[in-house]
Amino acid sequence: MRRRVAPYFLLGPGAAWLLLFFVIPLYYLGKLSLNSGVFGSYEFSWHWENYSDALQLYDSQFVRSFVYAGLATLFALLLAYPLAYTIAFKAGRWRNVLLFAVVAPFFTTYLIRTLAWETILSDQSPVVSVLDAVGLAPEGHVLATAGAVIAGLTYNFLPFMVLPIYASLERIDVRLIEAGKDLYASASQTFFRVTLPLSAPGVVAGTLLTFIPASGDYVNAQFLGSANNQMIGNVIQSLYLKQSDYPAAAALSFVLMAAILILVLVYIRFAGSEALMGEEAV
Amino acid sequence: MASEKDPRRITALLAVLVATAALALGLAACGGGSDINGGDTESEEVKLEKKASGDVTISNWPLYIDKQTVPDFEKETGVSVKYIEDVNANEEFFAKMDPLLKQGDSGGRSLFVVTDWMANKMHELGYLQNFDKSALPNFEKNLVSNLREPKYDPNREFSAPWQSGMTGIIVRKDLAPDVKSICDLFDPKYKGKVEMLNELRDTVPLVMKCLGIDPEGASEEDWIKAIDKIKQASESGQIRRFTGNDYGGDLTSGNAVAVIGWSGDAVQLQADNPDIEWRMPTEGCILWSDNMVIPVGAPNPTAAEDFINYVYDPENQAQIEAYVNYVSPVESVKPILLKEEPEIAKNQLIFPSKSFTKNCTIQPSPTSEEEQNLNREFNAVLNG
C-alpha cells in the first residue's frame, strides 16, 4: 500500500503547482484568446478570427523569431560543446572554477546582462571598431541590427546549453573511450563514434532549453535591435501593455506555443529520438 | 521493455515541458497587474470634514517629485501619504486601472497623475470626480493663464496640471550641428543615428508638422500619412530605434546624434554633458501636461485636494520645480527661483517665453474611434 501511495505523494506538490500556475492560467488564456470586442468590453464568443489575424498580421515576426532563435541555438551549441568538453575532460582541478564561471552570470539579473551588451556593442566601442575594420559591421553600427539580437540571445542562453552537455559528458564511462583507442580508432573517430553519441542526450536537452525560451524572448530585441528586428515576444508585449488588445495577444501566445511544440516534436522525432537512443538502439 | 532508454527520453520531454511552461507563464505575466491596498474606505464621512486627515495614496510617474515635498506636506497637514511611483505609461496604467475603475474602485488611490488625453479619456468614461473648488484656493489663484481653459476641461473641473513639458529635438551638437527641424531628422546624412519616441501622440504630430500638416484637427488620413513617413524611415534604417526616455543613454554614448525627446530630460542631459542640446524644431514643438486627477471611489478625497492645494503654493512648487525641471503650471514660481536657483529660473526649457513656444501645438489626440486603428498602425511600425 504505502509503496503505491508514495509516488503520488511525491508528485503532489509539483502537480498542484503546475495545475495552479500553469494549467489554470492556460485555460483562462485560451478563453481570452476567443474573446471579441474592444478593450473594456471583451466578451467570450468563440472568435477564431483572432487566430487567423494573428498569423496573417505577424507572420514576419514569427519567422524572424524562429530564425533568430535557431541561429542563437546553433551558435550556442558551437560555443558550448568545446567548452563543456574541456570542463568535463581537460580541466582537472579547474573544473569547479570553470563550472562556476559558466553559472556566474546568473548572479546578475537578465536585464542588466542584456543592458551590458548595449555598452559592449556601443558604436564607439573598440569591439565595434574591430568588427567594422574587418567588414562585419556593414551598416557602421552593430547595435540595432539582427546580429546584435542574435549575439545577445546566444550569450544569455549559453549556460542552458553548457550545463546539460557537461552533465552528459561527465557521466560517460571513460573506459568506453579508452576501449575505442585500444581498438585503433583515431582520436577523431573515437570522438565521433563514442563520445558524441553518448553525449547526445545533453545536446538535445541543451538545444531545447536554448531554442524554446529564445524564440519567445523580447528583451534582447527590445534593447539590442531596431524596429526591424522585433520578435514575436515584442508584439505580444505591445499588444498586452500598449494596445490592451488582450484577445489578440492571447491568441498569439497560443500560436507561439503550438508552433514551438510542433517544431520541438519534429526535432525530437528526427534528430532527437535517434540521438536519445544512441548506439544502444542499434 | 526499453527501461534503459526511458529515463533519458523523459528527461528531454520534461525539459520541453518546463521550458514551454516557463515561456508561457513569462509571457502571461505581462498582462498581470498589482493592486494597491491602503487608504480609508470611509470616504463619505471624510468628505464631510473640513480639515484633511488620515491616509492618502498618491500614484505618480517615477522621479517626478523631490524627496522633501511629501514629508513636508505630512508635517504641515498631519496626513499620512503613501506615495507610489507606479505610472510608467498612460496605456499601461489605464489597462491596469480600468477593470477597477469600472466598478467604482480606485485600488486605494486617492490621486494619480496622467497626461491630458488620458485624463480626457478617463473623464469620458466617468472614472473621475470633480474637484471641490472651495478646497483649492491656491489652484484657483496660481494656475498659469495658458492652462486655464484646455479644450477637454474648460473650467478645470477635474484635472489639475502637475507639470507641463515640450516634445522636440535633442541633439549632440558636436555630431549633428545642423539638425534644426523635424525634417532634418530624415536627412540621410544621419542614417542609423536618429531615434524617435515610441509615443503615438508625441512622434506622429511632430512628423505631421514636417509634412506641413497642422496636427490640431488633423484627420485620420493625416495621421496615417505621417505614420507612413515614419515607417519608410524605419525600414530604410534611417531611424535606429524607437525609445522611451532611454534615448538619454544613446545620446551620451553617441549611438544616436539626434532624437525626438522631452524638454525636462534635455535639461538634465545638458547639465551632465555639454555636448547635448535641446533644439526647438523650426516647425515648433508639442506642448503637453500631466494632470492630477481624483478617481471615482477615491478614499479620502479631502486629503487629495489638500495635496493639490499644497503643491499650488508657489513656495512648495518651487521646491518641486528645482528638482523636476519640467515646465511648472504654477504662477510666481520664477521670482522665488530667481533668488534661490537663478540658473533654473533663466532656463527657457523650464520657464519658456511666449516667443520661444510660438509655433508649438497643444498635444493632439485622435478621436476614440480613430484611436484603435492608429494605435495598430503605429505599433506595426514599432514592431517592424
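Domain bounds, as used in these legends, come from an automatic or database domain assignment. This is a predicted model, in which local features need pLDDT of at least 70 and side-chain atom pairs count only at pLDDT 80 or more, while totals for chains, interfaces and linings use all residues. Residues are numbered from 1 along each chain as its sequence is written, and chains are lettered from A and ligands numbered from 1 in the order in which they are written.

**View 1. The two domains of chain B.** For chain B, the assignment gives domain 1 (43–158 + 294–312) and domain 2 (165–287 + 361–382). Between domain 1 of chain B and domain 2 of chain B, the C-alpha centres are 30 Å apart.

View 2. Helices (H or I, at least four residues) and strands (E, at least two) are DSSP runs, numbered from the N terminus, and two strands pair if DSSP finds at least two bridges between them. A residue is buried if 20 or more other C-beta atoms lie within 10 Å of its own, exposed if 12 or fewer, and partly exposed in between, with C-beta atoms placed from the backbone. Strand β1 (residues 55–59) of chain B is largely enclosed by the rest of the structure, because four of its five residues are buried. It runs parallel to strand β2 (residues 80–84) of chain B, to which five bridges join it; I58(B) stands opposite Y83(B) in β2(B), and S59(B) has I84(B) as its bridge partner there. Two bridges join β1(B) to strand β3 (residues 111–115) of chain B, again in parallel, and in β3(B) the partner of I58(B) is L111(B).

**View 3. The β-α-β unit.** Together, β1(B), helix α3 (residues 69–77) of chain B and β2(B) make a right-handed β-α-β unit. A crossover is right-handed if, with the strands pointing away from the viewer, the path from the first strand over the helix to the second runs clockwise.

**View 4. The nonpolar cores.** A nonpolar core is a set of buried Ala, Val, Leu, Ile, Met, Phe, Trp, Tyr and Cys residues joined through C-beta atoms within 7 Å. The largest has 96 residues, and those with the most contacts inside it include V114(B), A258(B) and F307(B). This core draws at least three residues from each of domain 1 and domain 2 of chain B. A second, separate core of 63 residues includes A137(A), V142(A), L169(A) and V235(A).

**View 5. The surroundings of A258(B).** Two residues are in contact if their C-beta atoms, placed from the backbone, lie within 7 Å. Leaving aside neighbours within four places in sequence, A258(B) is in contact with residues including I169(B), V171(B), Y190(B) and K193(B).

**View 6. Chain A as a whole.** The secondary structure of chain A comes to twelve helices and two strands. Of its 282 residues, 39% count as buried, and the C-alpha trace of chain A spans about 75 × 70 × 35 Å along its principal axes.

**View 7. Confidence along chain B.** The predictor's confidence in each residue is given by pLDDT, from 0 to 100. Chain B has a mean pLDDT of 88, with 87% of its residues reaching 70 or more. Over residues 24–49 of chain B, however, pLDDT stays under 50. Where pLDDT is low, the predicted coordinates should not be read in detail.
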